[in-house]
Amino acid sequence: MTATSTTSATLLGGAVSVTNGTVQVHDTAALATSRLDPLVHQAVFGSDSDKRFARWLLWEIGQIVGVRAASIHELYLARGAGKCGGFTVPAINVRAMAYDTARAIFRTANKMEAGAFILEIARSEIAYTEQRPEEYVSVMLGAALREGFRGPVFIQGDHFQVNHKKYAVDPVTEVNAVKALVTEAVAAGFYNIDVDTSTLVDLSKATLAEQQRLNYEVCVDITRFVRAAEPKGVTISIGGEIGEVGTENSTPEELEAFMEGFNATLAAEAPGMAGLSKISVQSGTSHGGVVLPDGSIADVALDLDTLETLSKIARDRYGMAGAVQHGASTLPDAAFNNFPKRETAEIHLATNFQNIMFDHLPQDLLQEVYAWLDANAKDERKATDSDAQFYYKTRKKAIGPFKKKLWALPAELRAKLGAAYDAKFEFLFTQLAIGGTAKAVQQFVTVPEQRRPFPDGASTIVAAPDDADLSD
């Protein structure tokens, strides 16, 4: 399914053609059929040249029919100004079986007329799931096209995080690694980026301002770099973070110390530059949950009052959408309807969808995964870990090495998994009150057309350094 820039090629059973590097879509309905599947598969597993062509073609088709990578910045500023609210945007980390998982998300969005949702992947996940930004964008756009979705697609770099150990040794090199990832991600279509420099908070300092200083100064540095990389007509939505997830709960004073320092520094260094649209806080959760010896997840003491207070300060004082809650997917079902009630701007959901997938795997494949972990993740096993704890905590690291096998699971099993995802996403979208938010997205979000030249020759995108040992 390749083409050249100088010859005419008819693709997807005649639904699409490419002539002299220009794409035409002749049958939009055909995009939402199995004819599209080989193109998405080629974008992930093809040869280098076939990948480049498939990724370019998916992007161009999306530009033509209205499935475009977009920034949620304008919607978040509208929320900060009190023009919309009452919902919590789910930011979903699509780790495994990305095409199937994203298709379920878009099916649910169509059913519920939802538009305010984010598809994201963290710096660490890019490494261990073996999904570089260009591939990730292509699969997300492909899933939207496959399900007949129309509208902006919000793709986010989650936890573009500074590794504090590496920063302590060589701060310039570590910050440059994050900037290299920004360059790669923005070029691919990531127009929403969570800058996480909360690892640099130094609680040994005497005042909150000093504790947060490195956090906000480095965040400003990376923010300026992100803004310089923006394509024409796009203001990337950037989030900051004031406390590492899994540590002590955040306070209003910490939020104020960070934001006052960030805003003053940004205004001094880049007057008039757009700042942050949201702020991530800690209110009692942890990434992946706390795993008990039997493999179950411990109850979480979620501090909703803190979350509500910080969201209100973020909106009223700083014009942002509000606070962001990480590590939420393993919370009990009864917790989720609290987020829109407390006007939480965004929550991040990852581990539970991964768990659903592993729960559906055939036993022979699951045992193969466990054997791989025994050999390749043994250094992560604590002396006190039960088998259940060890496999639960490390199995995400097998997603990349097993990607091709996961994508090739039997159709019947994938259908069962898809139905499970549909049920979970519909539940979450309902609890988070994002049904009907397509109207708010249409009202506030601008999505300029961005056509790309035919991919002649080798790719010029350089992969940023990997780091799988960060927050996800």
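Helices H13 and H17 are roughly antiparallel to each other, a term that applies to angles over 145 degrees. The model described here is predicted: local features need pLDDT of at least 70 and side-chain atom pairs count only at pLDDT 80 or more, whereas totals for chains, interfaces and linings use all residues. Residues are numbered from 1 along each chain as its sequence is written, and side-chain values use heavy atoms, with hydrogens and water left out.

H13 spans residues 351-360 and H17 spans residues 411-431; their axes come within 10 Å and cross at roughly 155°. Axes are lines fitted to C-alpha atoms, for helices over the stretch in contact, and angles run from 0 to 180 degrees between N-to-C directions. The crossing of H13 past H17 is right-handed, meaning that the near helix is turned clockwise from the far one by less than a right angle. On the H13 side, Asn 352, Phe 353, Ile 356, Met 357 and His 360 take part in the contact, defined by heavy atoms within 4.5 Å. Their counterparts in H17 include Leu 413, Leu 417, Tyr 421 and Phe 425.

Strand E8 comprises residues 192-196, and five of its five residues are buried, so the strand is largely enclosed by the rest of the structure. Buried denotes under 20% relative accessible area, exposed over 50%, and partly exposed the range in between (1.4 Å probe, protein chains only). Helices (H or I, at least four residues) and strands (E, at least two) are DSSP runs, numbered from the N terminus. Asn 192, Asp 194 and Asp 196 point one way from E8, while Ile 193 and Val 195 point the other way.

Together with helix H9 (residues 208-229), E8 and E9 make a right-handed β-α-β unit: with the strands pointing away from the viewer, the path from the first strand over the helix to the second runs clockwise.

Leu 203 is placed in the loop between E8 and H9 and counts as exposed because its relative accessibility is 60%.

Technical notes
Angles under 35 degrees count as roughly parallel, over 145 as roughly antiparallel, 65 to 115 as roughly perpendicular and the rest as oblique.
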